[in-house]
Amino acid sequence: GGAIVMVAGKRYAPNAYRRTLFEKMLPVELESDTSVTLNAGKPVKLELTPAGKSSLMLRLAPKELDSFQKWAAMPPIYWVNKVARAKPAAEVLLVDPDPANATRYGKMPVLAIQQYGMGQVMYMGTDNFWRWRKNAGDKYHSMLWGQLTQRLALPHLLGASKRTHLMADAKRYNTSDPITIYARLYSESFEPLTDQGIRASFWDAAGNKPGEVILKAMPEQPGMYRGVLVAPKAGSYKFAVDHDKNTTLEFEVADTDRELVEPAMNKVVLEQMAKASGGQFLREEDLFGLPEKIAAKVERKLTTREAPVVYSWAYFLLLMGVVTAEWIVRKTCQLK
């Protein structure tokens, strides 16, 4: 029921633990090529995933929007360990947004967590978080590590169930979104369950039960089950397997109209969108200079033109060479 954190390093962790129990415990799959190293010395601005944005252990300010802005202002790190992808039951909180480091599974995970047995395992793919002490001291560095430690220790301190572990791919959903539920289930003797299907249900705050779902066993993962349900109407819900109603998983469903959720302008996101698309962010008081900015922008357009070979000098010279060679042969052999 405890927890372990694996912090990646340039020499050993986690690649030195290949083909050991630690590799099975990690929430990420290691890269097959152990010699792969990402550009050390190149600045990397880590990106929060939707799960990371809603995670309280990564919150750097009381308000969510203020926390996003602080994350955007954080100094870059200069080294990230290369991994293949996150495992199916893992929750990815931070990723490397560089497309050059992405795989066919998506952006490369940097911070991920998953349930393993009766405990939790967290993978941190960089040892550069100390750089966040620049101009801020231990304010954010200590806050982050304190919240990570609290998150990992809390289930054990609160006496969480040792036989039932429930996880979701997110904490908040919109109406009609797919919700993926993972469950790791053990018998009374703490052996992984072997049933092919486990019945489960969920209900709202008033006790109404919108529906049921069958969790199916995941191949080659004893005791691990997975199920998908459709997010019902907006509200707070609890999920539990039928044989253990005391262990519940809570999630929230919101309306799909996101336009009115946060009416304030998100300047940080707009600037990031403009930068990614090659544009520029302008406020209304700066719009007078928009025509000049558009006129000053130079667009390069590459065009191709097809030229028939018969009209080229090379073809003409080749043809003349063949005719001249024939004439010389005829004269030499005295052919008519």
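Hi everyone, let's start with S176, which is exposed, with a relative accessible area of 54%; exposed here means over 50%, buried means under 20%, and partly exposed is in between, with a 1.4 Å probe and protein chains only. Before I go on, this is a predicted model, so local features need pLDDT of at least 70 and side-chain atom pairs count only at pLDDT 80 or more, while totals for chains, interfaces and linings use all residues. Residues are numbered from 1 along each chain as its sequence is written, and side-chain values use heavy atoms, with hydrogens and water left out.

Back to S176. Its phi is near 80°, a positive value in a residue other than glycine. S176 sits in the loop between β9 (172-174) and β10. Strands are DSSP runs of E with at least two residues, helices are runs of H or I with at least four, and both are numbered from the N terminus.

R19 also has a positive phi, about 60°, and is not a glycine. You'll find R19 in the loop between β1 and α1, and it is exposed, with a relative accessible area of 78%. That loop, between β1 (3-7) and α1 (21-25), holds P14 too. The peptide bond from A13 to P14 is cis, with omega near -5°. For context, most residues other than glycine have a negative phi, and most peptide bonds are trans.

Now for the inside. Is I179 buried or exposed? I179 is buried, with a relative accessible area of 0%. Its place is in strand β10 (residues 178-185). Beyond its neighbours within four places in sequence, I179 is in contact (heavy atoms within 4.5 Å) with residues including D169, Y173, V228 and F251.

On to the cores. A nonpolar core is a set of buried Ala, Val, Leu, Ile, Met, Phe, Trp, Tyr and Cys residues joined through side-chain atoms within 4.5 Å. The largest one has 37 residues, and L58, L94 and F129 have the most contacts inside it. At least two residues of this core come from each of β2 (28-30), β5 (91-96), β6 (108-116), β7 (119-124) and α4 (139-157). β6 gives the largest share, five residues. As for F129, leaving aside neighbours within four places in sequence, its contacts are L46, I77, L94, M124, H141 and L144. Apart from this core lies another, of 23 residues, with A168, L185, Y225 and F251 among them.

Thanks, everyone!
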